[in-house]
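Trainee: I am new to this structure and would like to learn how to read it. Where should I begin?

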Amino acid sequence: VIFGRWSFIFSMVAGLAAGLALVPLEGDMLAGSLIALGGLGIAAATARRAYLGESRAAELQQKLLDEASYHAFVDSAIEGFFRTTRDGRYVIVNPALAKIYGYDSPAQLMSELTDIGNSLYVDPNRRKEFEAAMAADGKHHGFVSQIRRRDGRIIWIKENARSVRDEDGQFLFYEGMVEDITAQVESKEAVERALRETQEAA
């Protein structure tokens, strides 16, 4: 509605300006026409500012709705979700990841686990390997590692992650999902062990 009103006023301004250029006016008629032209110009500018303000408000509202939906999805996900800095600090984690790693809450995880490379992975070089994979492809699926939970228990996890950059290509953070695959790994190891024992006994 505002956009249509602004277009109409702009057309009126343009038409009046063209009329003044084609039809010579004198005295009071010229002054009156100039006043009218100025008034319409002010009205056009005001309508345009109102339209832009309404457009920005609508964009902001949609952005907030999208972010709220995104955070609601992340918080309710059964898989762990994270965002980390390049130097190994968590900036966002969801409740599922806190549970996988043995923490009571996302806040506790982020406050206590501040050096992923040295405090999380059993192999301290694993973080460097993760970063190398991100640098090479910008993403990595099925990054399997052993990690140490808060209670000291060692489990297996699988990460699917990507590097997130801004419009200028500047790095922002790593983002990904984590799945506890300890049961699958242990089951596979048990099968392989049983098969090996059978072969040795034959």
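Mentor: Begin with a definition: two strands count as paired if DSSP finds at least two bridges between them. Keep in mind that this is a predicted model.

Trainee: How many bridges join E4 to E5?

Mentor: In general, strands of a sheet pair through backbone hydrogen bonds, either parallel or antiparallel. Here nine bridges join E4 to E5, and these two strands run antiparallel.

Trainee: What joins E3 to strand E4?

Mentor: Eight bridges do, and again the strands run antiparallel. Along this pair, valine 144 stands opposite lysine 158 in E4, and arginine 148 stands opposite isoleucine 154 in E4. E3 and E4 also form a hairpin with five residues between them. In its turn, glycine 152 has a positive phi of about 95°.

Trainee: What is the order of the strands in the sheet?

Mentor: The sheet is open and has five strands, in the order E2-E1-E5-E4-E3, with antiparallel pairing. Strand E2 (90-93) and strand E3 (139-148) are the edge strands, since each pairs on one side only. From one strand to the next, the twist averages 30°.

Trainee: Which strands does helix H6 lie across?

Mentor: Helix H6, residues 126-137, lies across strand E1 (80-84), E3, E4 and strand E5 (171-180). Its direction is at about 175° to E3. Helix H7, residues 182-201, lies across E4 and E5 and runs at about 130° to E4.

Trainee: How many helices and strands does the chain have?

Mentor: Seven helices and five strands. Read from the N terminus on, the elements run α-α-β-β-α-α-α-α-β-β-β-α.

Trainee: What share of the residues counts as buried?

Mentor: Of the 202 residues of the chain, 27% do; the cut-off for buried is under 20% relative accessible area. The chain exposes about 13,000 Å², with 57% of that supplied by carbon and sulfur atoms.

Trainee: How many cavities of 30 Å³ or more are found?

Mentor: The general idea is that rolling a probe the size of a water molecule over the atoms shows where empty space is left. A search of the whole structure finds one cavity of 30 Å³ or more. The largest cavity has a volume of about 30 Å³. Among the residues that line the largest cavity are Phe82, Tyr90, Arg127 and Glu159.

Notes:
Residues numbered from 1 in each chain as written. Predicted model: local features only at pLDDT ≥ 70, side-chain atom pairs only at ≥ 80, totals over all residues. Heavy atoms only, no water. Helix = DSSP H or I, 4+ residues; strand = E, 2+ residues; numbered from the N terminus. Axes fitted to C-alpha atoms, helices over the stretch in contact; angles between N-to-C directions. Contact = heavy atoms within 4.5 Å. Buried < 20%, exposed > 50% of the residue type's maximum accessible area, 1.4 Å probe, protein only. Areas by Shrake-Rupley, 256 points an atom, 1.4 Å probe, with all protein chains shown as cover. 1 Å grid on protein atoms, 1.4 Å probe; cavity = no way out; pocket = protein on both sides within 12 Å on 5 of 7 lines; lining within 4 Å. Points joined across faces, edges and corners; volume = space filled by probe spheres on them.
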